[in-house]
Amino acid sequence: MREFLTIIVPVYKIKEDYLRRCIDSLLDQERNDYKIILVDDGSPDQCGAVCDEYAKKTPLISVIHQENQGVSVARNNAIKATTTEWLSFVDADDWVEKDYISTLYRELNENAFDADIVMYEYSREFKSGRHEETLKINTGYLDSTMLNIVRQSTFYKLVIDGKENPYTVIAIWDKVYRTSFLKNENLWFIPEARKGQDRLFNADALNSTSKIYYIGKQLYRYRCWEESRTNRYDNNIPRLTEIEINSLYKIIEKHHLQQMAKEYLNCRICTRLYTCMRLYYFHENNTKPLKVKLQEVRKLVESEPYCEALKTVKLSYLNIQEKVFVVCMKAKMFRVVYFLVKAKSGRTKKKLS
């Protein structure tokens with residue numbers, strides 16, 4: 001039986017029970033005409049051994065071992081090794097539904113055969129429960145209106161009929177990509193962009209095709225846990241944010257999206273500024289005196305692109321929390337922002353616990 005799909009799973013310092021649950025879910029499927037590539041990104045623990053253990057049990061799995069180079073290089077190497085018509089990405093701490101493969105096979109062969117990208121629904125999994133997220137549209141190709149909304153959302157967030165939708169368009173784990181489309185369009189992950197890799201990849205990919213199909217069915221489970229990289233202290237955040245913003249500028253120029261994306265990009269710059277406050281400047285693990293933190297924040301917001309973005313951002317595009325943050329930053333009320341970040345971090349910990 002000819003395989004139609006390759007599932008790419010980068011692996012690095014994942015709890016063993018999470019990794020096993022992920023792989024087990026990929027194997028516990030109704031069909032076996034697919035491949036799994038596990039990429040051990042030089043993980044210093046037992047992850048590599050676990051990958052090899054599973055590969056010995058089934059020919060569905062192959063393993064790439066590489067020196068630690070980051071998730072983008074891991075994914076790129078797996079894309080290069082992919083020979084199937086389609087590929088998808090799964091994070092090693094998540095899992096998929098039992099009908100993941102059978103649903104994709106049916107849709108890709110019967111209805112979405114002409115698509116370059118196929119999106120599907122998922123749920124966010126918390127210790128206290130779960131939240132299902134959807135575009136709230138029927139299964140089928142995106143019409144011109146939804147196509148433009150989805151493309152624009154890659155530069156900020158998804159807004160439909162004036163209301164923010166939590167569905168994560170920028171994620172790669174809620175999509176399937178035609179392999180030849182990615183390679184022909186030269187679509188790769190940016191190795192130096194260690195934050196926002198998924199956003200950059202999809203901002204480029206979704207603006208490179210109009211053949212995007214949507215499956216109105218939940219197929220993926222995304223684990224939300226406190227130790228996630230999205231909540232971890234990182235003193236490289238300011239530099240990584242600069243790389244992301246510069247990369248978004250290049251994507252906008254590549255696809256001639258200046259008019260469509262400029263206002264959304266200003267919003268993104270402001271929200272990334274908040275991320276800098278949350279994960280570095282005002283994070284509890286930053287041991288610098290508060291006075292020094294405030295001086296560094298002032299210097300940052302007086303530099304570009306933050307200064308111009310704060311001046312020109314459309315407040316009507318922002319939610320209440322974002323508006324409060326922008327107003328405080330514009331007024332140089334950095335101490336207020338400090339306490340807002342602390343309060344927000346406390347609520348996030350409680351939600352994830």
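This dialogue reads selected features of a predicted model.

User: On what basis are residues and features reported here?

Analyst: Residues are numbered from 1 along each chain as its sequence is written, and side-chain values use heavy atoms, leaving out hydrogens and water. The model is predicted, and local features need pLDDT of at least 70, side-chain atom pairs count only at pLDDT 80 or more, and totals for chains, interfaces and linings use all residues.

User: How many aromatic pairs does the structure hold, and what defines one?

Analyst: Rings of Phe, Tyr and Trp (its six-membered ring) pair if their centres lie within 6.5 Å; planes under 30 degrees apart count as stacked, over 60 as edge-to-face and the rest as tilted. The structure holds 20 such pairs. One of them, F89 with Y177, is edge-to-face, at 5.9 Å centre to centre and 65° between the planes.

User: Why is the pair of Y122 and Y167 classed as tilted?

Analyst: The ring centres of Y122 and Y167 are 5.3 Å apart and the planes stand at 50°, so the pair is tilted. Y122 lies in strand β6 (residues 117-126) and Y167 in the loop between β10 (163-164) and β11, so the pair ties together parts that are 45 residues apart in sequence. Y122 is buried at a relative accessible area of 0%, and Y167 is buried at 2%. Ring pairs join Y122 and Y167 with W173, Y214, Y220 and Y222 in a cluster.

User: Which residues place a charge over a ring?

Analyst: A charge sits over a ring if NZ of Lys or CZ of Arg is within 6 Å of the ring centre and within 35 degrees of the ring normal. The charged end of R75 sits over the ring of F189, 5.1 Å from its centre. Likewise, the charged end of R223 sits over the ring of Y18, 3.6 Å from its centre.

User: What surrounds T84, and is T84 buried or exposed?

Analyst: A polar contact is a pair of N or O atoms within 3.5 Å; within protein, one must be able to donate a hydrogen and the other to accept it, and residues adjacent in sequence count only if both atoms are side-chain atoms. T84, in the loop between α3 (71-81) and β4, is buried at 6% relative accessibility. Its side chain makes a polar contact of 2.7 Å with that of T6, and a polar atom of the T84 side chain lies 2.7 Å from the backbone oxygen of W86. Contact means heavy atoms within 4.5 Å; beyond neighbours within four places in sequence, T84 is in contact with residues including E3, K35 and T179.

User: Where does helix α2 pack, and which of its residues are buried?

Analyst: In helix α2 (residues 47-57), the buried residues are C47, G48, V50, C51 and Y54. They cover an arc of only 160° around the axis, which puts them on the same side of α2; the arc is that of the directions from the helix axis to the C-beta atoms. These buried residues pack against β1 (5-11), α1 (16-27), β2 (34-41) and β3 (61-66).

Terms used
Helix = DSSP H or I, 4+ residues; strand = E, 2+ residues; numbered from the N terminus. Buried < 20%, exposed > 50% of the residue type's maximum accessible area, 1.4 Å probe, protein only.
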